[in-house]
Amino acid sequence: MRSRLGATALLLATLTATTGLAVETTPAAAAAPADQTVTVEAAEDTYVSQAGPTKPHGSHAWLSANAATSDGATNTERRAYVRFTLKGLPDDASDVKLTLELQSVRTIDTVLEVRPVTGTWSESTMNWNNQPTSGAVLTTTKGLVSGQTAKLDVSSAFTGNGDYSFAITSPSNVQSVLHSSQATSGEGPKLTVTYGKAAPTTPPAPAGPLPFDLPSTSALRASSHKVFAHYFTPYPISLNNKAGSDDYYAKNYLNPAGESGKHAAYGGLLRDRPFPRDVLSGDWQLADMKKEVQIAAKAGLDGFTVDVLSISPTNAHWGRLKSLIKAAETVDPGFKIVLMPDMTSLNTDAKTLASAMADLAASKSAYRLGDNRLVISPFKAEQQSAAWWKDFMNVMKSSHGINVALVPVFLNFSSNASAFAPISYGFSNWGNRSPAQQSGIESNISKAHGLNKIWMQPVSIQDERPNQGIYDEANNTENLRTTWEKSISGDADWIQLTTWNDFSEGTQFVPSVHNGSAYLDISSYYLTWLKTGKAPAIVRDTLYLTHRSQFVAAKPTSGSQTKFMNPRGGTSTPRDKVEVLSFLTKAATVKATVGGKEQSYDAKAGIQAQLFPLAYGLNKASVGAVTVSSPWEVKRSFSVQDLQYNAASSGRK
């Protein structure tokens, strides 16, 4: 189980101080390439009419949209729908702008609205009765006349490559008629994508393929199963907007002498970090938050559960939380933020907490259920009694007009389930980080379902905490695979990846220097399985390589570290292994070089984990033309104890 008590207080004091550091504004060493433009024609489009509720219109050469007529006639509303498929956009695309182009056939002084659409549909079968759900208005255009083309900015819907589905509606009772993709003149709807590319001095985002084809964002989000990642505000991409080797991570968190030597005893606060970047101009914090939202959405996540460490408007963590919410609103309105007040850090009354949560709930990105209840998921909910939380919910309703769906995250689920059941929509626990401690997952899910509650299951990689002197034995990717597989077999309703970016506990899924995107890529496979109900077909041979860079019993041969990590009680037996995790389209021979020793084994089609004894030197593996090489050498001599499993992928260079 996890405890932030003590560690959180240290981080709050440390990170708040960083906000006073000067922001460097020197330009990047190399300019980004010129902007590029791609135009995509509609894959499908149609309109639906309330007057013909069962009739599809996908074969028509026009689209139509209007509200009810002013003479009181009924069943007259029409709405248009259009879908595009965006492919081939590079991972390092920046400043992406999406423009929806609609050409008028007959439109006189009316207003057209563009809304995002969730769910799947087909132009050949969609009608008024089975039309999908559309969201809030993204943008509008007014006064479009015959022959004119409207260009509407829908950049806020951008989520990367995949399907983009929009509804065209109108508050006007005058009918708007637009060209469809069936028009012979090629005047149908178009989506124009304009983007730049990051400067080459910034390490590029890995661009290799996954072992399977990830479904579209709309298809994944149509599932009732939700996957969130726990966002920890102390560790955004950058803390002071400085370049790589000169930023706060490098100088103060990874360096044992950093922050005036306060972390020297345990060899520095962190062992890994987010990918460094160059100095940014403008609102760099918002730009970084947008990047994280894009990465998470592209991996298939539904949103972030955000650890609310402070509700003070002047606190750095509150400011980062507000930036993250704004980023989600801007980049992807469908990407949701689950509010998770951290009760180990917030010492406040119900009324004050309710006021802060209501403030955040004003955002369209705050996660609500279909019945408009706001999801509140407090960490260590048992810090306050069920009666206290009932009072909180009553204040949210009476003072702010907000109904709450409470999904408490417990450190001890079994001891608190009965007391919290009458007021909760669902349950969760923080869980463990070792295969030996995952036997209770399916029984927890069953117990929650037996109480008619949804269950949010924690899925984790590993856990190492230098400043607390403990670690969990994750057995390479075994803990990750076990928590995912038991979540799927037990039919967990929601998933919480614990965590997105808590680098002080070594639990991060976010792409990082030591792990690349490997753990997030593996999770994309399993979340697709959970959401679609079947294991995705493996269409590309892919290898993942995980290992430590030192033996578990070894101690630093230099440096001044005096406090060392020991295995947490109840964890799996610590081991020294290299794991090759293969996703193969068919059975094949895999070659592995471990510490300079070449070996091979016969791997089956599908997923297989193969273990080798850890040895000094470098590690790599290959199958056919597919190769994965780890940059992390296993060393005899080192200055800092580091027991994390490093990861590399053949699909990510």
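Modeller: Let us begin with a pair of facing residues: Ala65 stands opposite Ser176 in β11. The model is a predicted one, in which local features need pLDDT of at least 70 and side-chain atom pairs count only at pLDDT 80 or more, while totals for chains, interfaces and linings use all residues. Residues are numbered from 1 along each chain as its sequence is written, and side-chain values use heavy atoms, with hydrogens and water left out.

Biologist: Why is His60 called buried?

Modeller: His60 has a relative accessible area of 18%, which is under the limit, so the word applies. This residue lies in the loop between β2 (44–49) and β3, and, not counting residues up to four places away in sequence, His60 touches Tyr47, Ser180 and Gln182. Contact means heavy atoms within 4.5 Å.

Biologist: What makes Pro408 buried?

Modeller: The value for Pro408 is 0%, so this residue is buried as well. Pro408 lies in the loop between β17 (404–406) and β18 (409–410), and among the residues that Pro408 touches are Pro378, Phe420 and Phe427.

Biologist: What makes α6 roughly parallel to α7?

Modeller: Helix α6 (residues 316–331) and helix α7 (residues 350–361) pack at an angle of about 30°, with their axes 11 Å apart. Angles under 35 degrees count as roughly parallel, over 145 as roughly antiparallel, 65 to 115 as roughly perpendicular and the rest as oblique, so α6 is roughly parallel to α7. The axes are lines fitted to C-alpha atoms, for helices over the stretch in contact, and the angles run from 0 to 180 degrees between N-to-C directions. In this contact, Trp318, Leu321, Lys322 and Ile325 in α6 meet Ala356, Asp359 and Leu360 in α7; by class there are five nonpolar, no polar and two charged residues. Nonpolar here covers Ala, Val, Leu, Ile, Met, Phe, Trp, Tyr, Cys and Pro, charged covers Asp, Glu, Lys and Arg, and polar covers the others, Gly among them.

Biologist: Why is α11 called roughly parallel to α12?

Modeller: α11 and α12 pack at an angle of about 10°, with their axes 10 Å apart, and that angle makes α11 roughly parallel to α12. The contact of α11 with α12 has nine nonpolar, two polar and two charged residues, including Trp484 and Ile488 in α11 and Tyr526 and Leu530 in α12.

Biologist: How do you know that the buried residues of α10 line one face of the helix?

Modeller: In helix α10 (residues 441–450), the residues Ile441, Asn444, Ile445 and Ala448 are buried. Seen down the axis of α10, these buried residues fall within an arc of 100°, so they line one face of the helix; the arc is that of the directions from the helix axis to the C-beta atoms. An α-helix has 3.6 residues a turn, so residues three or four places apart point the same way. The buried residues of α10 pack against α9 (413–420), β19 (426–429), β20 (454–459) and α11 (478–489).

Biologist: What makes β29 and β32 stand at the edges?

Modeller: Four strands form an open sheet with antiparallel pairing, in the order β29-β26-β24-β32. β29 (606–613) and β32 (646–649) each have a single partner strand, so one side of each is left without a neighbour in the sheet. Within the sheet, five bridges join strand β24 (residues 542–547) to strand β26 (residues 577–584), which run antiparallel, and Thr546 stands opposite Glu579 in β26. Helix α12 (residues 518–532) lies across β24, β26, β29 and β32, running at about 65° to β32.

Methods: Helices (H or I, at least four residues) and strands (E, at least two) are DSSP runs, numbered from the N terminus. Two strands pair if DSSP finds at least two bridges between them. Buried means under 20% relative accessible area, exposed over 50%, partly exposed in between (1.4 Å probe, protein chains only).
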